[in-house]
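Here's a quick briefing for anyone meeting this structure for the first time. Have a look at the model, then read on.

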Amino acid sequence: MGIRALQLREGFAVGRLWAALALAFAIAAPLCVQAQGLTTQRAEYAPGGLEFALPDKWSVETSKQKLTLVAPNEDGFVQFSLLQPANDAQLRAQMAQALTTYLSDTVLADPGDSTQLNGMPGFRVSGNASSDATPVQFVALVVSPTPSKPVLVLAYASQESFATHTAVFEAVIKSLKRR
């Protein structure tokens, strides 16, 4: 049955149907964000020109070189740091260098995939490493809000708690937008 037939048969304007659907989406969208463990509050990593949704109850620590989101139990982290502007191969090398700076015994689980995230080019890898002698799993993403500001986003947690934090890590990554 076509939309016009539905409109005539049911006696309502299709515009009202679309308005009702839009209202339902507007109401449900914040609930979906909250269900993934994120607040509707947005934060920013100003040096990199990024904004993102904050995980619920996570704290924010800043230093000169990075911004770190810390899980309530201090067993999960999302770090933002700037890389030097470069071509793709050089950015991958910088990411590898940064991973060994923040984590030890880094082993990549995959060679990495190119990606587009909310209109920003980048690439993503995952793997295993150690942090303070604790085995961790990680997801690392390099995203370029502008060509002059590539940002490394490193999400990691102990191997025991990585699965617990995966949904929040993915939600933060998917929420990244140019500022």
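Among contacts (heavy atoms within 4.5 Å) between residues at least 6 apart in sequence, 46% join residues at least 24 apart. The model is predicted, so to speak from the start: local features need pLDDT of at least 70, side-chain atom pairs count only at pLDDT 80 or more, and totals for chains, interfaces and linings use all residues. Residues are numbered from 1 along each chain as its sequence is written, and side-chain values use heavy atoms, with hydrogens and water left out.

**The chain overall**

- The chain has four helices and 11 strands; these are DSSP runs numbered from the N terminus, with helices being H or I of at least four residues and strands E of at least two.
- Of the 179 residues in the chain, 37% are buried. Buried means under 20% relative accessible area, exposed means over 50%, and partly exposed is in between, using a 1.4 Å probe and protein chains only.
- The accessible surface comes to about 9900 Å², and 56% of that belongs to carbon and sulfur atoms. Areas come from the Shrake-Rupley method with a 1.4 Å probe, and for residues only the protein chains shown count as cover.

**The nonpolar cores**

- The largest nonpolar core has 29 residues, and Phe52, Leu69, Val78, Phe80, Val172 and Leu176 touch the most other members. Such a core is a set of buried Ala, Val, Leu, Ile, Met, Phe, Trp, Tyr and Cys residues joined through side-chain atoms within 4.5 Å.
- Two or more residues of this core come from each of β1 (38-45), β2 (50-55), β4 (66-70), β5, β9, β10 and α4 (162-175).
- Helix α4 gives the largest share of this core, six residues.
- Another core, of 16 residues, lies apart from it, with Leu91, Ala98, Ala129 and Tyr156 among them.
- Leaving out residues up to four places away in sequence, Leu69 touches a list of residues including Phe52, Trp58, Phe77, Val78, Phe80 and Val172.

**The largest pocket**

- The largest pocket has a volume of about 200 Å³. On a 1 Å grid over the protein atoms alone, a pocket is an open set of points where a 1.4 Å probe fits, with protein on both sides within 12 Å along at least five of seven lines. Grid points are joined across faces, edges and corners, and the volume is the space filled by probe spheres set on the points.
- Its lining counts 13 residues, and Phe77, Ser131, Asp132, Val136 and Tyr156 lie nearest the centre; lining residues have an atom within 4 Å of a point.
- β5 (76-82), β9 (134-143) and β10 (151-158) each supply at least two lining residues, and β10 gives the most, with three.

**Two buried residues**

- Leu99 sits in helix α3 (residues 88-102) and counts as buried because its relative accessibility is 2%.
- Beyond its neighbours within four places in sequence, Leu99 is in contact with Thr106, Leu108, Phe138, Ala140 and Leu154.
- Ser131 lies in strand β8 (residues 120-131) and is buried, at 17% relative accessible area.

**Two residues with positive phi**

- Lys57 is not a glycine, yet has a positive phi of about 70°. Lys57 is in the loop between β2 and β3 (59-62) and is exposed, at 68% relative accessibility.
- Asp105 is not a glycine either, and has a positive phi of about 55°. Asp105 is in strand β6 (residues 104-108) and is exposed, at 60%.
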